[in-house]
Amino acid sequence: MSTTDNDFPIINFVNNIIKEGIARNASDIHFEPYETTYRIRMRIDGVLYDVNQPDVMLAPRITVRIKIMAALDISEKRLPQDGRCKLELTPHQSISLRISTCPTLFGEKVVLRLLDVQTTHLGIEQLGFTEVQQQIFLANIHKQQGMILVTGPTGSGKTMTLYTALQLLNNSEKNISSAEDPVEIYLPGINQVQINNKTGLTFATALRAFLRQDPDIIMLGEIRDHETAEIAVKAAQTGHLVLSTLHTNSATETLNRLANIGIEAFNIATSINLVIAQRLLRRLCPHCKLPHVNDPRFYEATGCKHCTAGYHGRIGIFEMLPISPAISKIILEKGNTQDIEQQALKEGLINLRSAALSLAETGVTSLTEVNRVTE
């Protein structure tokens, strides 16, 4: 499709929205058509903010422009589509855009996920681990076999934790394969597979293929069903290190989740090395944070030109559960979440709320943010 003079204003508009998103460290940009309005929002530090409301008549042209960027079918408006493209910002910085369209009542909603390649190469020190948690993490990712599970809701930073582990393990002596849905960032040296359920390339199918290719380390984007969980557990028991995620609220709940999926207690106790639950907290802006009115031990958000609503950036909080002999015994005896948690607390487990409160006490975040994320 050739570009006409009428297209340039739309091209510039979309480019400027993306540049604004990058400047404000947005993770996602939402283009949302309604009956009489058209709304553009950005997710900044995990929270959505309105940023623009162009004329609703421009909605189809904006959608077409974004589809062209991602090489999507501009004539297909009835079905969701997914694509990606890469923008070179400077010789040293590029942004990868993951683009998703979805038909709604009044047109196609489009969401752009902004993936800064540089931010995926964070050192382990920048994740937010305490010194003890970092030691536990490093000790477990360097084991020859077993499973490490990272849990938490969507947008809690699980993928970043897994990528950090892969980067620390990635060398010419290891055969590392990952199955992801979607592949968010390309990692040189890792054999990455994009899951495609329409063609039958599921997590279980990819995992079976990996096991025939002499693997050392396997990463699964998510364990969703009994079949995948069962193969992953067997792989972890037979000389492979397996990294994956589950959607649970805490580290201790993860073990019961596996049991509910249908994994036998013996297999859980003998395959899992470490479970990590995590969330992301917004950091208070250092330029404008003020002592809390009612409790000067803590700080609260105010807002200035350097931040968004008093916050700038995020930091991880973690709940780490190494599977000790005592916890293995509870699993084998089919103990419940409370039994496991009580034993874990005896062994020094710091839960998510305690981790969050410690950051509030040091002025990194606010009590309001702690309550928002961990209540």
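Me: What do the numbering and the values rest on?
Reply: Residues are numbered from 1 along each chain as its sequence is written, and side-chain values use heavy atoms, with hydrogens and water left out. In this predicted model, local features need pLDDT of at least 70 and side-chain atom pairs count only at pLDDT 80 or more, while totals for chains, interfaces and linings use all residues.

Me: Why is Thr337 called buried?
Reply: Buried means under 20% relative accessible area, exposed over 50%, and partly exposed in between (1.4 Å probe, protein chains only). Thr337 has 15% relative accessibility, so Thr337 counts as buried.

Me: Which residues does Thr337 touch, not counting those up to four places away in sequence?
Reply: Thr337 touches Thr252, Glu253 and Asn256; contact means heavy atoms within 4.5 Å.

Me: What makes strand 4 and strand 5 a pair?
Reply: Two strands pair if DSSP finds at least two bridges between them. Strand 4 (residues 81-90) and strand 5 (residues 93-104) are joined by 9 bridges and run antiparallel, so they meet the definition of a pair. Gly83 has Ile99 in strand 5 as its bridge partner, and a hairpin of 2 residues joins strand 4 to strand 5.

Me: How do you know that the lining of the largest cavity has no charged residues?
Reply: Asp, Glu, Lys and Arg count as charged; Ala, Val, Leu, Ile, Met, Phe, Trp, Tyr, Cys and Pro as nonpolar; the others, Gly among them, as polar. The lining consists of Phe137, Ile141, Ile148, Val150, Thr161, Leu162, Ala165 and Leu243, which divide into 7 nonpolar, 1 polar and no charged.

Notes
1 Å grid on protein atoms, 1.4 Å probe; cavity = no way out; pocket = protein on both sides within 12 Å on 5 of 7 lines; lining within 4 Å. Helix = DSSP H or I, 4+ residues; strand = E, 2+ residues; numbered from the N terminus.
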